[in-house]
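Please work through the exercises below with the sequence and the model side by side, trying each task before reading its solution.

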Amino acid sequence: MLFKHIYSDIWIYETAMLLKTKFLAPAYNPKSVGRDRLITRLDNRHGRKLTTIVAPAGYGKTTLVTQWINSQECTHCWLSLDEADNDTHRFWQYIVGTFSNTIQSLGLEPKQLLAQKELPIEAVVTALVNELSTITNETPVYLILDDYHLINNSEIHQTISFLIDYLPPSVQIIITSRVEPSLPIARWRVKNVVDEVHAHDLAFSFEESRLFFNEYMNLNLSDEDIALAREKTEGWVAAMQLAVISTQGNPSSASNVEFFKTYSGEDRLISDYVLSEILDSQPDDVKDFLLTTSCLIRLNAGLCNALRQDNNSQLYLDKLNQINLFIIPLDTHSDWFRYHDLFRESLLQRLKHNNPEKLKDLQKRAINWLLDQGQMHEAIYQLIQLEDWQWLSKVLEEHGNTLIHEGHHLPVLDWLSHLTEETLDEHPRLLMLKVWALFFGNKIDIIPPLLNRLEDILDKRVCDSHPEAQDALALHSEISLIRSHLARSQSDLSTASHLTQQVLDDLNNSDMPLKSVTYYGLGMDCFAKGDLKSARSALEASIEHGKIEKKYSTVLSSTGLLGWILYHQGELDLARETCTNNQLWIDSYHDQSQPKLVSCWQNCALAQIYRENNQLTVAESYINPLLKHLESGTEPGQHILIQYTRAQLAFTVGDFNDAISWLDDALNVWDHKKDALTFEPPSLEALRARCYLALNDTEKASHWAKNARRINNGISTINNEQIATTIARTLIANGHYQDAINNIALVFDEAKDGAHVKHLIELWTVKALAYAKLNDVDNARSSINEALTLSAKDKFIRIFCEEAPEVRDLILLANSNAIPDSYKTELHLALDINEQAHAVKEKPATQLPANESALQEPLSQRELEVLVLINDGLANKVIANQLFLAPATIKAHIRNIYGKIGAKSRTEALAKAREYGLL
């Protein structure tokens, strides 16, 4: 329990400086115009998770929410956002803080995880969702995020989207924002979990306008004046107020109907009209600055200076920020800004209409500055706006490969689509760039015709002694590398390895930055064959060269696969450290304005590692960011790997039916798309068979086991070992203990020679279980000693929790001095082994009572465990926690117990269990 106190102290220290005033809703003003027609829309609706209130400044968004709060009794957690909250860690400190401020029982685990800054923020969000699920209020708790338009951090958008996706019914969120939040609103709209209030909803009605002018502003306008004012302003209260203020201290002039007739000057939407009025009212120098910089998506002083050919832009940016003139800071240092989109688009439209030649000149200056500063995305955006396709071709030729290896292959494909096929043929490197972009986008089927076309172009250039023939020869190495990957996708490892080695030989005599990708291919080949040692060496080389070549996506992919290999080699700590350090290296070069690079291999590897270490919340946090790829559609290999890892975690927590469902989905993809995969995925059917065993469906598990060796024609020794181990488990479940031992022997030497430590632990453990069933105590003890000695170094925990219940007795049987006591203690805690278990220390195989044979269907081992805990007087939820199962799974086991022994209640079940000798 000490660590909880330590983390608690850290949290107190870290949150001591949180501003409590950010948790306070603005004071309710009883004189404000009542919005009864809108307040009812905020009331609780079944199935809703989110309400967005989106409108420009001055529409009364915050006022509406404060009126709603005051109109009813509800539990609300308020958070006023500001620019500084764009830091992800700070943002979630405040989110957890506002919940804890309102509901003191919430936030313990999220605070603990926030204190561990090396953990991903997804772990914090997952823990928060889990705690929110415990709220039992009759009415929802509301989280109100005010001024969300100040948040532009993509990681925050991603994590708040995850929070909303998994919100329990007891919590709803209200967001106020000047712009549409960068959240998947369209998806939620389809699912009917979001309600939206927009500017046209917030616009004042005629009656509300009358109250505003004549009571709130103390004017005396006629109904005709009010109707005209409302027509011209379209009910935007800020525009109404601006109209009164603009009468220069003489509000009574606003009562003149002629004033409102001339207030607009042109028939536009109110936002366009007010924007024009704001722009035209600025000094000439400010107006010129706004128009000149309106072509920029993001702006800072250096970029603005380049456009304006001056050096005082910072003064203007500071001034605009100070007067809040539709400019939004993008960082806490006020270096980078962006204009409100509608404001910028209006400015740009005016510039385009009044001076199109000046706009082109400004765009050229912006492109040159952005290219010099390495801001490729925005430079290319400007090039496309300028429609300078020759310049675009030159930029993509020079920088396209770097962009692809930074993970931006999809944008590159989109940019290339602006170029004609003739242009691509004239520039073979652009055609090669398209091939690489398709390859990283896993659009393998489209590549072969393009390669043939590219080779024809290059051969012709060589024959014609084209001035760029030397570059044509260099491209042949890239073509060979791509062809090696295509061979790999067809499981032709011989051709793939030959081509890859050929490319590597060529690269040793050149400076082409392709070694990282080539070594990654070698690593994939070795991994596919189960040669983890060689794969590890190749991937380490890939990472080393990738850092030199600045190929971030290759470093990430190699790191992810290396983490998966280290996991199988039993080096969990090294795998975690390698993944974390390389991710930090990648992040240090990452453009924060672009989506963060995520590796399916790496996230799945880390999920497996944290799951194995019994940190299930953290494991889940690595899987969740991958789920959106399942919805939007991802390449088959990634789809299968995500579903497998997801199913593994479900199996761990006892959600066996969910696990089977996800494995079935993965198997369906495998059956239809196996030709497009560059690797053999983990054995999906072996894990599914384990789920059948856990559900006591030995018939299905046995059917799979009988056919597994016959139908398994894969080349992965990793999978062969996984299949053999699960067949052995099935044999034990059917009472064929010696056959199980013999089956393990078929793959044991291969696992040992390959240093497949994770599988060796499983093989030794299953072997120990078989010996225990044969009452061979000496061999059982020897086997479990070997398993625990291997697992102690990096603290494998779940590997034992997920075996048959008899493993507890076996662990007590272990007596090797090589097993640290600290590890034993941790393992005992996870397995809920108490002192009473020592009574069976020399009797590892619990024999079924003779009377149990009187049952028409015997109880499974899991059902026996549940029965014992029921006898101890434990509630379902406590039983679920002790067995690491879902409460619904416990209820299912209890129903099965009742059915098998003919009982209708706990009392009757316990009485009959004693009659049958089960207790």
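The model is predicted, so local features need pLDDT of at least 70 and side-chain atom pairs count only at pLDDT 80 or more, while totals for chains, interfaces and linings use all residues. Residues are numbered from 1 along each chain as its sequence is written, and side-chain values use heavy atoms, with hydrogens and water left out.

**Exercise 1. Ring pairs**

Solution: Begin with the rule, under which rings of Phe, Tyr and Trp (its six-membered ring) pair if their centres lie within 6.5 Å, with planes under 30 degrees apart counted as stacked, over 60 as edge-to-face and the rest as tilted. A search of the whole structure with this rule gives 15 aromatic pairs.

Phe 289 belongs to helix 15 (residues 284-292) and Tyr 316 to helix 17 (residues 313-322), 27 residues apart. Phe 289 is buried with a relative accessible area of 1%, and Tyr 316 is buried with 14%. Elsewhere, ring pairs join Phe 527, Trp 564, Tyr 567 and Trp 601 into a cluster.

**Exercise 2. Charges over rings**

Task: Which ring lies under the charged end of Lys 22, and which under that of Arg 646?

Solution: The test asks that NZ of Lys or CZ of Arg be within 6 Å of the ring centre and within 35 degrees of the ring normal. The charged end of Lys 22 is over the ring of Tyr 94, 4.7 Å from its centre. The charged end of Arg 646 is over the ring of Trp 662, 3.9 Å from its centre.

**Exercise 3. The largest cavity**

Task: Describe the lining of the largest cavity by residue and by class.

Solution: A cavity is a set of points on a 1 Å grid over the protein atoms alone where a 1.4 Å probe fits but cannot get out, and lining residues have an atom within 4 Å of a point. Two cavities of 30 Å³ or more are found in the whole structure, and the largest holds about 320 Å³ of space. It is lined by 32 residues, of which His 568, Tyr 644, Gln 722, Lys 758 and His 759 are the closest to its centre. Helix 38 gives the most to this lining, with seven residues. By class, the lining has 13 nonpolar, nine polar and 10 charged residues, where Ala, Val, Leu, Ile, Met, Phe, Trp, Tyr, Cys and Pro count as nonpolar, Asp, Glu, Lys and Arg as charged, and the others, Gly among them, as polar.

**Exercise 4. Covered helices**

Task: How many residues are buried in helix 36, and how many in helix 5?

Solution: Helix 36 is mostly covered, with nine of its 11 residues buried; among them are Leu 684, Arg 688, Cys 691 and Tyr 692. Asn 696 follows helix 36 and has a positive phi, near 65°. In helix 5 (residues 108-115), six of the eight residues are buried, so this helix is largely enclosed by the rest of the structure. The buried residues of helix 5 include Pro 110, Lys 111 and Gln 112.

**Exercise 5. Single residues**

Task: Is Gln 309 buried or exposed, and what does the side chain of Asn 743 reach?

Solution: Gln 309, in the loop between helix 16 (301-308) and helix 17, has a positive phi near 55° although it is not a glycine. At 61% relative accessibility, Gln 309 counts as exposed. Asn 743 is in helix 39 (residues 737-753) and, at 9% relative accessibility, counts as buried. The side chain of Asn 743 reaches the backbone oxygen of Ala 724 at 2.7 Å.

Definitions and conventions:
Helices (H or I, at least four residues) and strands (E, at least two) are DSSP runs, numbered from the N terminus. Buried means under 20% relative accessible area, exposed over 50%, partly exposed in between (1.4 Å probe, protein chains only). A polar contact is a pair of N or O atoms within 3.5 Å; within protein, one must be able to donate a hydrogen and the other to accept it, and residues adjacent in sequence count only if both atoms are side-chain atoms. On a 1 Å grid over the protein atoms alone, a cavity is a set of points where a 1.4 Å probe fits but cannot get out, and a pocket is an open set with protein on both sides within 12 Å along at least five of seven lines; lining residues have an atom within 4 Å of a point. Grid points are joined across faces, edges and corners, and a volume is the space filled by probe spheres set on the points.
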